[in-house]
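Welcome, and thanks for taking a look at this one. Here is a short briefing on a few of its helices and on what the record says about the chain.

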Amino acid sequence: MWSDIVYVSLLLFCVFIGFYYRKIEDPHIKKWIGTIIGIIVMAICSGNYILYPFMLTLINAIIITKLSPKKCHLVSFYFSFFYLLFLSRLGDYIGLPIAPSHTNLILMILTLKLSGLAFEINDSINAPVDDIQGINSEAMKNIGFLDVFHYGFGYMGLLTGPYYRYRTYWDHLHRPFSKIVDPWPLTFYKLKQITCFIVLFFIMDYLYPVRYILTEEYAERSFLYRHFYMYPTFIVFRLRMYIGMGLAECGCQMAGLGAYPLKCTPIQGLGPKDYKTTEELSKMPEKLKNEELNFDAVYNMNVWKLEKCNSTRTAMKAWNGCVQYWFGVYIYKRFPLKSLRTFATLTLSAIWHGWSSGYFLCNCQIPLFLLSEDIIIKFYQQSKENSIAKKLWYIVGWYEKTTCMAYLGTQFLVLDFKENLQFCKQVYFSGHIIAFLLYIGALYCKPYILKKSTENRDKDK
C-alpha cells in the first residue's frame with residue numbers, strides 16, 4: 001500500500017513539474033533537466049534496483065549507436081525482451097535479485113521505447129521518396145549515445161507509459177508546438193475525472209475485492225452471484241488503470257510532449273501521420289495561433305470509448321492504445337507468418353506483462369470471443385440507423401465485449417494457474433460457454449440476416 005502511495009505521488013509530481021519544465025527554452029538544457037528529473041523519480045521508485053533500467057539503456061545505447069541500422073533493430077529487440085523476461089524476472093535462478101513491481105513497469109515501457117527507437121532507425125534507411133509520415137525526418141539524423149539515455153530516462157511517461165516514439169520526444173524539444181499549446185484545460189478536465197475514479201476505486205475495491213473469489217465464502221455463494229461477481233471485480237481493475245494511465249497522460253501533456261496541430265492527423269503512438277505539414281507549420285510559428293492542437297499522440301486510455309464500444313477489438317485499441325500501436329506496427333505487421341500474426345502478437349503481449357499463467361490465459365483466449373464478434377459486428381453495421389435491430393446488435397456486441405473483458409480480465413488478475421482453474425470451475429466455465437453459444441447463435445443467424453454482397457449476388461445469377 002505504501003509503495004502505491006509513493007507511486008501515485010510521483011505521478012502527480014510529474015504532472016505539476018510540467019508547469020516549469022515546458023517553459024524551458026533551450027532544447028539542450030531542457031532534455032538534461034527532463035533526464036535528471038527522470039533519474040530522481042526512478043531512484044525514489046526503484047532504489048538500488050535502478051541498476052536494472054540503467055543497464056538495459058546502456059547496452060541498448062551501444063547497440064543502437066554502434067551496430068548497422070540494417071540489423072540494430074533485431075539485436076535491440078531480442079536483447080531487450082531477453083533482459084526483461086529472463087534477467088529481471090527470472091534472475092533469482094542465477095543469483096540476481098528480481099526487480100520489484102514498480103521497477104518492472106519502468107522496464108516494460110523502456111523495453112518498448114528502446115527497441116522501438118532501433119526500429120525507427122531501421123525504418124529511416126528504407127523511407128519512401130515522398131516520405132509523408134516523416135520516417136526519415138530530422139529527428140532521426142545523428143542520434144548519439146546520450147540521446148538514447150535522454151529518450152529512455154526522460155521523466156515523461158517513465159513510470160507507466162504511454163509509449164511514444166523518439167521522433168515525438170525530439171519534436172517536443174525542437175518544434176514550437178509545446179511552447180504554444182496550453183495543456184492545463186485538458187489536464188484539469190482529466191484530473192477531475194481521475195478524482196472521481198479514485199473515489200469509485202476505493203468504494204468498489206472495498207465492496208468487491210479480487211481475492212474474495214478464492215475464499216470458501218465465495219464458493220458457497222449461488223452460481224449467479226459467483227458469475228456476476230467478475231463484472232464489478234474487473235471494474236476495480238479498470239479504475240486502477242484509468243487512474244495510473246490518466247496521470248501519466250497528464251504528465252506528458254503538461255510537459256508539452258505529444259502536442260501537434262490537428263491538421264497533421266496525430267495518431268496514438270505514431271504521432272502526426274502527415275509529418276510534412278508538421279514540418280511546414282514548424283517553420284511558420286506565427287500561423288500556429290490559428291491552429292487547433294491536441295495530444296492524441298499520447299492519448300493512451302480512451303475511457304469513454306472503451307466503456308461504450310460494442311467490440312472487443314475496439315476495446316483493445318482503446319485500452320493502452322499507444323502500447324497497442326507498438327505491438328501492431330513492430331510485431332503484428334512484421335511477423336512473417338500471416339496466419340499466426342494475431343497469436344504471436346497476443347503471446348508476446350502476455351509475456352511482456354509477465355510469466356504468470358493468468359497473462360497467457362487472458363490474452364490467448366481473446367480469439368475465442370472474436371469468433372462471434374466478427375459476425376455480430378457485421379449484423380450491426382448492415383442494420384438501418386436508429387432501427388431496433390441495430391440497437392439490439394449493439395447491446396449483444398457490448399455484452400460480448402464486457403463479458404470477454406470481465407471473464408478473461410479476472411484470470412489476468414488472479415495470475416496463478418490453479419487459482420484460475422478454481423475460479424473457472426466455480427463459475428462452471430460460464431465465460432467459455434457464453435462465447436460458444438454466441439458463436440453458434442451468430443452462425444445460425446448468418447444466412448438469414450447477413451446480406452449478400454453484390455459480387456455474390458451476381459454469381460448466384
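**Helices and annotated spans**

Over residues 6-21 the chain is 94% helix and 0% strand, with the end C-alpha atoms 22 Å apart. Do keep in mind that this is a predicted model.

**Annotated spans**

- An unreviewed UniProt entry lists "transmembrane region" for residues 6-21, 33-54, 74-91, 148-166, 187-208, 228-248, 392-415 and 427-445.
- Residues 148-166, one of the spans in that entry, are 37% helix and 0% strand.
- The end C-alpha atoms of residues 148-166 lie 9 Å apart.

**Helix H10**

- H10 covers residues 184-207, which makes 24 residues.
- From first C-alpha to last, H10 reaches 34 Å, close to the 34 Å expected at 1.5 Å a residue.
- Its buried residues are Thr187, Lys190, Leu191, Gln193, Ile194, Phe197, Phe201 and Met204.
- Those buried residues of H10 pack against helices H1 (2-16), H12 (223-254) and H14 (303-308).
- As a reminder, an α-helix has 3.6 residues a turn, so residues three or four places apart point the same way.

**The H20 and H22 pair**

- The axes of H20 (residues 388-414) and H22 (residues 430-449) come within 10 Å and cross at roughly 155°.
- The two helices, H20 and H22, are therefore roughly antiparallel to each other.
- Their crossing is left-handed.
- H20 makes the contact through Trp393, Val396, Tyr399, Glu400, Thr403 and Tyr407.
- On the H22 side, the contact is made by Ser430, Gly431, His432, Ile434, Leu438 and Ile449.

Notes:
Residues are numbered from 1 along each chain as its sequence is written. This is a predicted model: local features need pLDDT of at least 70, side-chain atom pairs count only at pLDDT 80 or more; totals for chains, interfaces and linings use all residues. Side-chain values use heavy atoms; hydrogens and water are left out. Helices (H or I, at least four residues) and strands (E, at least two) are DSSP runs, numbered from the N terminus. The expected span of a helix is 1.5 Å times one less than its number of residues. Buried means under 20% relative accessible area, exposed over 50%, partly exposed in between (1.4 Å probe, protein chains only). Contact means heavy atoms within 4.5 Å. UniProt positions are given in the numbering used here, feature names are shortened, and annotations may be inferred rather than shown by experiment. Axes are lines fitted to C-alpha atoms, for helices over the stretch in contact, and angles run from 0 to 180 degrees between N-to-C directions. Angles under 35 degrees count as roughly parallel, over 145 as roughly antiparallel, 65 to 115 as roughly perpendicular and the rest as oblique. A crossing is left-handed if the near helix is turned anticlockwise from the far one by less than a right angle, and right-handed if clockwise.
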